[in-house]
Amino acid sequence: MASSEQRNMSCKRTNYIKWHDYFMANAILAAKRSKDPSSQVGACIVNEDKKIVGIGYNSMPHGCSDDEFPWAKNSEDVLENKYFYVCHAELNAVLNKNSADVKNCTIYVSLFPCNECAKVIIQAGIKEVIYLSDKHSHKPETIASKKLLDAAKVKYWQYKSNQSKIVIYFDENNWNIRIYRECDQVSLE
Ligand SMILES: [Zn+2]
């Protein structure tokens with residue numbers, strides 16, 4: 001474990017956060033803004049210059065109160081379930097873009113996009129999907145999504161980080177993170 005005292009201050013740091021971890025961490029952080037009690041998903045769109053151009057998480061549309069619209073999944077009345085109302089993270093990330101378009105961008109997502117989001121990704125010109133979880137791979141939505149992405153030649157692959165977790169410290173005198181690697185060694189960055 002290298003402390004700041006031990007670090008050679010004349011050489012550049014080598015244990016900086018790598019790009020894939022950085023962008024996926026942004027997607028995960030965004031996910032935790034979601035009010036959805038059962039599923040929080042985040043998306044982070046990155047352009048060819050490695051600049052973040054859009055962030056999103058699953059939410060109710062603007063003006064549609066997340067206190068009034070339902071978050072249920074299994075109500076017998078389909079109008080009382082969330083599915084007709086909620087905007088997925090990928091849609092929000094594309095619509096939140098701060099660039100003219102997201103052509104040739106990469107989207108980092110915590111969960112493999114559904115078929116509806118695959119359509120948005122394709123139509124927006126995004127060329128690559130990097131995902132953390134594919135836990136719904138057996139569902140028709142995911143199978144259809146892969147059919148669409150394959151046909152449109154959008155590359156997708158699962159990211160496996162060397163880091164098992166990153167803890168962020170909100171300390172006014174020493175803002176920091178702690179990275180836990182697979183082997184459970186702790187490294188203070
Ligand atoms: Zn979706």
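Helix α3 passes helix α4 in a right-handed crossing (the near helix is turned clockwise from the far one by less than a right angle). This is a predicted model, in which local features need pLDDT of at least 70, side-chain atom pairs count only at pLDDT 80 or more, and totals for chains, interfaces and linings use all residues. Residues are numbered from 1 along each chain as its sequence is written.

The axes of α3 and α4 (residues 140-151) come within 8 Å and cross at roughly 20°. That makes α3 roughly parallel to α4, a label for angles under 35 degrees. The table lists the residues that make the contact, meaning C-beta atoms, placed from the backbone, within 7 Å.

| Helix | Contact residues |
|---|---|
| α3 | Asn115, Ala118, Lys119, Ile122 |
| α4 | Glu141, Ala144, Ser145, Leu148, Leu149 |

These residues divide into five nonpolar, two polar and two charged.

The largest nonpolar core holds 34 residues; Ala43, Cys44, Ile45 and Ile107 touch the most other members. Such a core joins buried Ala, Val, Leu, Ile, Met, Phe, Trp, Tyr and Cys residues through C-beta atoms within 7 Å; buried means 20 or more other C-beta atoms within 10 Å.

Leaving aside neighbours within four places in sequence, Ile45 is in contact with residues including Val53, Ala93, Ile107 and Ile126.

Asn47 lies in the loop between β1 and β2. Asn47 is partly exposed, with 17 other C-beta atoms within 10 Å, between the exposed limit of 12 or fewer and the buried limit. Not counting residues up to four places away in sequence, Asn47 touches Val53, Ser99 and Cys105. Asn47 and Ile126 are 79 residues apart in sequence and 9.2 Å apart in space, C-alpha to C-alpha.

Conventions
Contact = placed C-beta atoms within 7 Å. Axes fitted to C-alpha atoms, helices over the stretch in contact; angles between N-to-C directions. Helix = DSSP H or I, 4+ residues; strand = E, 2+ residues; numbered from the N terminus. Parallel < 35°, antiparallel > 145°, perpendicular 65-115°, else oblique. Nonpolar A, V, L, I, M, F, W, Y, C, P; charged D, E, K, R; others polar.
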